[in-house]
Amino acid sequence: MQRWVDRVALVTGASVGIGAAICQVLVKHSMKVVGCARDVDKIRSISQEEDIKSAKGSLMPIKCDLTKENEILDMFEEIRKTYGRVDVCINNAGISESNSTLLEGDTASWRQMLEVNVIGLCICTRECVKLMRENNTDGQVIHISSMSAHRIPPGGFAFYSGTKFMVRALAEGLRNELRAGKSGIRVACISPGRVDTEFHKRLFKDNPEEAKRRVSQFTCLKAEDIAKAVVNILEMQPHIDINDILIRPTEQPF
C-alpha cells in the first residue's frame with residue numbers, strides 16, 4: 001500500500017457498513033479519504049474515533065445524495081478545491097427495496113435503485129476519471145457490486161440483480177474505454193454474498209424479524225472482510241488488473 005500513501009480516495013455510501021469499514025482501513029493506510037453519504041453526521045463520528053484521529057491518513061466527510069447530480073458535482077468541486085485530485089474511486093453506495101418484484105414492484109422503488117446503483121455510480125466514476133486524467137494518475141476504480149451480478153437469487157430480487165448485472169457490464173465497458181486511451185487506470189468489482197450490515201435492516205425495515213433471520217442463518221461476511229478485499233486490489237502492482245472478486249460466506253447455499 002506504500003504507493004497510495006497521501007493519495008486521495010473517494011468512498012460513496014460511507015456512513016455505515018462496508019463503506020465505513022473501507023474508509024477506516026484506507027485512513028489507517030495513510031490515505032486521504034473523502035467519505036460521502038446522505039447521513040454525513042455518521043461519517044463525522046467515524047472521523048472523530050481515536051484510531052482514526054491518530055492515523056496518518058485523514059477522513060473528510062461530505063453530505064451527498066447520489067440521486068441528485070447537482071450534489072454529486074458540488075462534492076467534486078469541493079474535492080477539487082481541497083485536494084485537486086482523486087486517485088481511487090470506490091463506488092460502494094447501493095440499495096435494494098423489498099417491494100421490487102418484477103410483477104408487482106413499485107415503479108418508484110425501481111427508479112430509486114437505478115438512480116443509486118447505476119446512474120450515481122456512473123456520474124461518480126466519470127468525475128473521478130476526469131480528475132485522474134488531469135493529474136495523469138495510475139488510478140483505481142472499484143465498484144462494490146454483489147453476487148447478484150452473477151446469478152438471480154430467489155425471493156423477488158430480480159430488479160436489484162438487474163442493476164448489479166449492469167454494474168458488471170459497466171465495469172467491463174469502462175475498462176475497455178480506459179485501455180483504449182492507455183490511461184493505466186484499472187477497474188475492479190467486488191461481488192459479496194451476504195454481509196452482516198445495515199443493508200438487511202433497511203431492506204426489511206417493515207419486517208425486522210426477517211432482517212435478523214437473514215443474518216443469523218449462517219456466519220455471514222463482515223464489512224471488514226470486504227474492506228480487506230479492497231486493500232488486496234490496491235496492493236497489486238500496476239500491471240495486474242483484478243477484474244472481479246466473488247466472495248461469499250462458506251455456508252451460503254446460493
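Buried here means under 20% relative accessible area, with exposed over 50% and partly exposed in between, using a 1.4 Å probe and protein chains only.

Before going on, this is a predicted model, in which local features need pLDDT of at least 70 and side-chain atom pairs count only at pLDDT 80 or more, while totals for chains, interfaces and linings use all residues. Residues are numbered from 1 along each chain as its sequence is written, and side-chain values use heavy atoms, with hydrogens and water left out.

Back to S161, which sits in helix 6, residues 158-180. Helices (H or I, at least four residues) and strands (E, at least two) are DSSP runs numbered from the N terminus. Leaving out residues up to four places away in sequence, S161 touches S148, R151, I152 and P153; contact means heavy atoms within 4.5 Å.

A second residue is T197, in the loop between strand 6 and helix 7 (198-203). T197 counts as buried because its relative accessibility is 14%.

Now the cores. A nonpolar core is a set of buried Ala, Val, Leu, Ile, Met, Phe, Trp, Tyr and Cys residues joined through side-chain atoms within 4.5 Å. The largest one has 36 residues, and I22, L26, I90, I142, I144 and V230 have the most contacts inside it. Among the elements that give two or more residues to this core are strand 1 (8-12), helix 1 (17-28), strand 5 (140-144) and helix 9 (223-235). Helix 9 supplies the largest share, eight residues.

What does V230 contact, leaving aside its neighbours within four places in sequence? V230 is in contact with I22, L26, I90, I142, I144 and I190. Apart from this core lies another, of 35 residues, including F76, I123, V141 and L174.

Last, a helix pair. Helix 4 (residues 69-82) and helix 5 (residues 107-134) pack at about 25 degrees, with axes 10 Å apart. That angle makes helix 4 roughly parallel to helix 5, a label for angles under 35 degrees, with over 145 roughly antiparallel, 65 to 115 roughly perpendicular and the rest oblique. Axes are lines fitted to C-alpha atoms, for helices over the stretch in contact, and angles run from 0 to 180 degrees between N-to-C directions.

Residues of helix 4 including I72, F76 and I79 meet residues of helix 5, among them I123, C124 and L131.
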